[in-house]
Amino acid sequence: MTRPVTLFTGQWADLPFEEVCRLASEWGYDGLEIACWGDHFEVDKALADDSYIERKKETLAKYNLGVWTISHH
């Protein structure tokens, strides 16, 4: 059984989400574990804007990445 190899975005929170997606894709990752800081995933925006999550999903798809975990430590 193969498992996706993902990158935790927390250590890259100083970079824009799309840049992290681009880099992760170039480095061969299958997806991301998205941190809830920086602009990677903002819970308040997701709750306030019905299109927020869809835009995040579109960015991930643009770089052929999946997401299995959202982290809030």
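Me: Before we start, how are helices and strands defined here?
Reply: Helices (H or I, at least four residues) and strands (E, at least two) are DSSP runs, numbered from the N terminus. This is a predicted model, where local features need pLDDT of at least 70, side-chain atom pairs count only at pLDDT 80 or more, and totals for chains, interfaces and linings use all residues. Residues are numbered from 1 along each chain as its sequence is written, and side-chain values use heavy atoms, with hydrogens and water left out.

Me: Okay, which residues does Leu-60 touch?
Reply: Leaving out residues up to four places away in sequence, Leu-60 touches Phe-17, Cys-21, Leu-32, Ile-34, Leu-65, Gly-66 and Val-67.

Me: New topic: in what order do the strands of the open sheet come?
Reply: The order is 1-2-3, with three strands and parallel pairing. Strand 1 and strand 3 (66–71) are the edges, each pairing on one side only. Two strands pair if DSSP finds at least two bridges between them.

Me: How many bridges join strand 2 to strand 3?
Reply: Five, and these two strands run parallel. Among the residues involved, Glu-33 has Thr-69 in strand 3 as its bridge partner.

Methods: Contact = heavy atoms within 4.5 Å.
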